[in-house]
Amino acid sequence: MKRGFLLLGVAVGLLWAVCNCRRPDVSGQYYDIIPAGSRGVCAIHVNRLIEKGEITQAMQERLLGFLGLQKILKNADESGIDFSDYLFLVADSIGGNVALVAKVKDITKLRDRFADAEREGMCTPLTTRGEYNETLVSGEFVCRFDSRVLFCTMSYNEQQAREYASRISARKERSMAADPCFQKILEGKNDVELLFPMKGLPESMRNHVMAYMPHPDFDINRMNINGSLNFEEGKATLQYTLMSADPAVMQALQKQGDYLEKVSGYFLAYYPASTFLCVLYNCQGDKANKILEETRFWQNMPMVDPVRAGKVLASLDGDMVYGITGLSAVGIPNVLVCAHVKDTYPASLLSDVLKKNFGSVGKVEEKGEHRYCFSNQMMEFYFGVKDGSLFYLTNDPEAYRNLGKAVENPWNKTVMASGIKESYGGIVLNIEELLRSPVVLLLLQQTVGRHQVALLQKALSGFSYTELLTVAPNHVVWNIYMKNKKQNSLKTLIEAGKELAEMK
């Protein structure tokens, strides 16, 4: 499954065109102080969120508290800041440095607010630092502003915060706003926008991604992650795409994703509508195996037998489904795994591995041609290949008896399956069914306590299900659905957050 997620970075020509367009003139804009070398940018449309979430004045102060400036910007209208435009949170290329960048609407009001804060002992007196006014807020935020922009920097210590503020003020680095991919943020279509250059990822993660990329033209330093977060009636959506301004990089990524195909959804009829969790992907094994043989993937996994692993992968030829269909009375998940295969090799290999490594603690029995059962004192599960093409693994006797037969109330006919059946694969979690299960609630009570479980039920009572989908080879979407399609998703999430906070 991990391989599938890493290969989501296949970008299409349209995205390349967006990022390869003429560089816009951003001089004079308040956001042009954001350095091009920044590790990431989050743009928040504050006014839109306040309106959508029906956020009270008290909640606004909590939001500003999250940003660290609630003592200064107590009243948005009187702050002198323009919250009708994006407020930017910027992660510096140097770890630990963070900046907030906002558009100044009325510098007189902003000066007055800092003067009030000074009298209340919240900040130091305003001084002049080049073209900017400067103050230190709460002993940790270095704030500078002029008639156009306010930016506040925070770091591990005051000196480092001042150094970051000075680097921003000097504007010796090219502005990130000059990057065409940054312009997607300025379209203003989303409540929250995200931009992360992949060159800013931790080295361990960068190396892991590069292990799957054999093409010499692939350059992770020229890739961007563009994301967005939106709150709508009945659902909240977080999504991201991968893109690059370099056509050679785009072509290399396209080659990596050639094996991806949309799921057929055929096996979903074997899973009941009450299924807690469903993971579904499509794997064209021959194509995937060829790509992995050309990469450093197998070399980076010394515990894997590359010959056996390659034969297993080559056997896969379509949908693969992992589902948790319920829980036993003692809380053991009932699991059903189905995969379309070309041959019986995966079942034979699993049988051999179990006999070799677990023969002293369990027993493998043949239940028929290429059909097996492994059992010991703790568990029993069935696996094999049915009708020459259906690989299965399950610890549910009922699911085993009905292999290859549609259940009475199948999962594929529920609304939860609608999105994943149109995708390249994903994960769906049935929140309603989990909270409906007495076994789940009992296990939670034993883990966190009765009172906390009651709070958890209350917090999640408005949610139906959540899904993480690969809707295109380069595009991933995470949706959270409400029970009521007209429900205010942001307000529901805020209320849930308040309830969950009480559990701590």
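## The disulfide

Let's start with a link that has a handedness. The bond between Cys143 and Cys152 is right-handed, with 110° about the S-S bond. This is a predicted model, and in it the two sulfur atoms of Cys143 and Cys152 sit 2.4 Å apart, forming a disulfide. If the term is new to you, a disulfide is a covalent bond between the sulfur atoms of two cysteines. Both partners are tucked away from the surface: Cys143 is buried, and Cys152 is buried too.

How many disulfides does a search of the whole structure find? The count is one. Cys278, for example, is in no disulfide, and the nearest cysteine sulfur belongs to Cys338, 9.8 Å away. A sulfur pair has to lie within 2.5 Å to count. Is Cys278 buried or exposed? Its relative accessible area is 1%, so Cys278 is buried, given that buried means under 20%. Cys373 is likewise buried, at a relative accessible area of 1%.

## The whole chain

The protein chain holds 18 helices and 20 strands. Of its 504 residues, 51% are buried.

Contacts tell you how the chain meets itself. Take the contacts between residues at least 6 apart in sequence: 67% of them join residues at least 24 apart.

Strand 1, residues 40-44, runs antiparallel to strand 2, residues 87-91, and five bridges join the two. One place to look is Val41, whose bridge partner in strand 2 is Val90. As you trace these strands, remember that in a regular strand the side chains alternate between the two faces of the sheet.

Strand 2 also pairs with strand 3, residues 98-103, in the antiparallel sense, over four bridges. Here Ala91 stands opposite Val98 of strand 3. Strand 2 and strand 3 form a hairpin with six residues between the strands, and in this hairpin Gly96 takes a positive phi near 95°.

## The nonpolar cores

Which residues touch the most other members of the largest nonpolar core? They are Ile81, Leu110, Phe114, Cys143 and Leu150, in a core of 29 residues.

Strand 1, strand 3, strand 6 (141-145), strand 7 (149-154) and strand 8 (192-197) each supply at least two residues, as do helix 3 (46-52), helix 5 (107-119) and helix 18 (489-502). Helix 5 gives the most, with four residues. Apart from this core lies another, of 26 residues, including Leu280, Leu390, Ala399 and Leu403.

## Salt bridges

How many salt bridges does a search of the whole structure find? There are 18. In one of them, the side chains of Arg148 and Asp32 meet at 3.4 Å, N to O. Arg148 lies in the loop between strand 6 and strand 7, while Asp32 lies in the loop between helix 2 (13-19) and strand 1, so this pair ties together parts that are 116 residues apart in sequence. Both Arg148 and Asp32 are buried.

Another salt bridge brings together the side chains of Arg167 and Asp92, at 2.4 Å, N to O. Arg167 belongs to helix 6 (residues 158-170) and Asp92 to the loop between strand 2 and strand 3, so the pair ties together parts 75 residues apart in sequence. Arg167 has 29% relative accessibility and counts as partly exposed, whereas Asp92, at 3%, counts as buried.

## A linked network

The side chains of Arg144 and Glu134 meet in a salt bridge at 2.6 Å, N to O. Arg144 lies in strand 6 and Glu134 in strand 5 (residues 132-137), so the pair ties together parts that are 10 residues apart in sequence. Arg144 is buried, with a relative accessible area of 3%, and Glu134 is buried as well, with 4%.

Which residues are linked with Arg144 and Glu134 in a network of salt bridges? Arg129, Glu158 and Arg162 belong to that network too.

How values were computed. Residues numbered from 1 in each chain as written. Predicted model: local features only at pLDDT ≥ 70, side-chain atom pairs only at ≥ 80, totals over all residues. Heavy atoms only, no water. Pairing = 2+ DSSP bridges. Core = buried A, V, L, I, M, F, W, Y, C linked by side-chain atoms within 4.5 Å. Buried < 20%, exposed > 50% of the residue type's maximum accessible area, 1.4 Å probe, protein only. Contact = heavy atoms within 4.5 Å. Salt bridge = Lys/Arg side-chain N within 4 Å of Asp/Glu carboxyl O.
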